[in-house]
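Biologist: Could you walk me through how to read this one, feature by feature? I'd like the general idea each time, then the case at hand.

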Amino acid sequence: MWETIAQAVINGLLIGGIYALVSIGVTLIFGVVKIVNFAQGEFVMIGMYISFFLSSQFGIDPLVSLIVSMPVLFVIGVLVQHFLIRRVLGPNDMPQIFLTFALSLLLLNLALMLFSANYRTVHTSYSDEALHLGELYIPVAKLIAFVVAMALSGALWVFLHTTDLGKAMRAAAQNRDVATLMGINPNRVFCVALGIALALAGAAGSLLMPFYSAYPFVGQVFVLMAFVAVVLGTLGNVIGALVASLMMGVAESLGIQFVGADSGLIVVFAMLLLTLAFKPTGLGGGRAR
Amino acid sequence: MLKLSGVSASYGSVPAIHNVSIEIGEGEAVGLLGANGAGKSTTLRAISKLVKMSSGTIIFAGTDLSTLPPHRIPELGIAHVPEGRQVFPEMTVQENLEIGAYVPKAKLERSRTLDLVYSIFPRLADRKKQLAGTMSGGEQQMLAVGRGLMLKPRLLMLDEPSLGLAPVMTDVTFEKIGEIHKMGTAILLVEQNVSRALSLVQRAYVLESGSVTMQGTSAELADNEQVQAAYLGI
């Protein structure tokens, strides 16, 4: 019994690391630019296809292709901010919602057209490897993904708290007008925020590739979890999103283990509803970062 | 050094200031006085380009500000301490000050300016690591002024620094502003507390419903019957 619970917790934490990369991106964009990016999942999908093609065409390991997918998505993020989002920022939220939603649909359908709906997988030497700790079983590919995800989250935290650009991003998130009075160019900071958020989504895609299939709709799985984590962890709070993502991974995994294979999400959404009912500002507390 | 000529600005279709012309010399302390809603803050926001001007010109040290975006204004040496303090609440005192020296020129001298600000406001030095949002109103006001000083400004614009402060804290704040002025920084002070402001500045403009209705030296305005009746309660 205890082994079963421990195994479910391990499985949950490992996938929770991936949820964290996606939800940190969503919460970073929300915190800094004050928009909800409905297309975040599609950028995970793009990251997966980048790794899939680099692997199938050139034999590059998906984990190595991280050094391609992250910069490519960073640039896409900057372009999306500079040429699209910048034009709809204003007092009215609706254009922003429609813009990112439309972007999501566009990318989905573009992927369907270019790559078809087939499931694409990459088989690596470590795809079937696992560590055994007594009765417990830790798949190597998922463990690597988790460790890299945590390292990237930590790197983001260090960036936000120790560099001038990072501090400028936090300042702009807390008070855009006053940040401008400090000489901070809002659009530049927003471009970097979008770039980082999409690079994290791309990283999630590459890290998933050794143990997950790429298909045009794959982003939807992760963006759903990301939105729940962002709300649970308090909108705009990076650490809150990270902790909530890990919690949700565990909750989902326990749900699958003890409620039923299709029921993992029931537990996750029960958590969301309870949080919204009793602590609507989320578990992160304040708007802290 | 700073010259506004016939500046008008509006929020949407509501005109906020109309045909405002004011001037501040190098190292001068000038007041912008008037009742709530007279357009004092809007004038500062127009200088910082946070509100769009509909007409007029603003020249600072030979540079026309009309075409500059707001984030380029601090580079010129104009620091704006906004109304209601508006420190970055989730950042520490020290981080708030550091971000005040974000523009490249100020960044070069950041550690030296930081020492200066801490010597003017020893209270802030004691609280370097504290989150700004958890400090008292008076401390936040000092932080906001200190953050403005981090720019090493030629002109420091202060919007209602006494707002919401206990009288003792107001005394301290005005004393510090006086010190800063003596160090050679020009001051543009927006205040509802007219008697206080007149004791600090050399000259002042009185705004009513978005237009300048009176101007003069502090002594002239303090002796003016209209000013006494309307703002000094004499």
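Predicted model: local features only at pLDDT ≥ 70, side-chain atom pairs only at ≥ 80, totals over all residues.

Modeller: Start with strand pairing: two strands pair if DSSP finds at least two bridges between them. Here, β3(B) and β9(B) are joined by five bridges and pair in the parallel sense, with B:L32 standing opposite B:Y205 in β9(B).

Biologist: How many bridges join β3(B) to β8(B)?

Modeller: Five, and those strands run parallel. B:A29 sits opposite B:I187 in β8(B). Strand β7 (residues 155–159) of chain B is also joined to β8(B) by five bridges, again running parallel, and there B:L155 is opposite B:A186.

Biologist: In what order do the strands of the open sheet come?

Modeller: The six strands of chain B go β6-β7-β8-β3-β9-β10, and the pairing is mixed. At the edges are β6 (78–81) and β10 (211–217) of chain B, each pairing on one side only. From one strand to the next the twist averages 15°.

Biologist: How do I read the two faces of a strand?

Modeller: In a regular strand the side chains alternate between the two faces of the sheet. For β3(B), B:A29, B:G31 and B:L33 point one way and B:V30, B:L32 and B:G34 the other way, all of them buried. Buried means 20 or more other C-beta atoms within 10 Å of a residue's own, exposed means 12 or fewer, and partly exposed lies in between, with C-beta atoms placed from the backbone. Strand β3 (residues 29–34) of chain B is thus described as mostly covered, with six of its six residues buried.

Biologist: What should I make of a positive phi?

Modeller: A:T234 has a phi near 75° and is found in the loop between α9 (218–232) and α10 (238–258) of chain A. A:T234 counts as buried, with 25 C-beta neighbours inside 10 Å. B:S209 has a positive phi of about 45° and is in the loop between β9 (203–208) and β10 of chain B. With 14 C-beta neighbours inside 10 Å, B:S209 counts as partly exposed.

Biologist: Over to chain A: which elements does it have, and in what order?

Modeller: Chain A has 11 helices and two strands, running α-α-α-α-β-β-α-α-α-α-α-α-α from the N terminus. Its radius of gyration, taken over C-alpha atoms, is 19 Å, close to the 19 Å that the globule rule gives for 289 residues, so chain A is as compact as a globular protein of that length. That rule is 2.2 Å times the number of residues to the power 0.38. Of the 289 residues, 50% count as buried.

Biologist: And how do I read a helix crossing?

Modeller: Axes are lines fitted to C-alpha atoms, for helices over the stretch in contact, and angles run from 0 to 180 degrees between N-to-C directions. Helix α5 (residues 140–162) of chain A and α6(A) have axes that come within 5 Å and cross at roughly 85°. That makes α5(A) roughly perpendicular to α6(A). The cut-offs are under 35 degrees for roughly parallel, over 145 for roughly antiparallel, 65 to 115 for roughly perpendicular, and oblique for the rest.

Definitions and conventions
Residues numbered from 1 in each chain as written. Chains lettered and ligands numbered in written order. Helix = DSSP H or I, 4+ residues; strand = E, 2+ residues; numbered from the N terminus.
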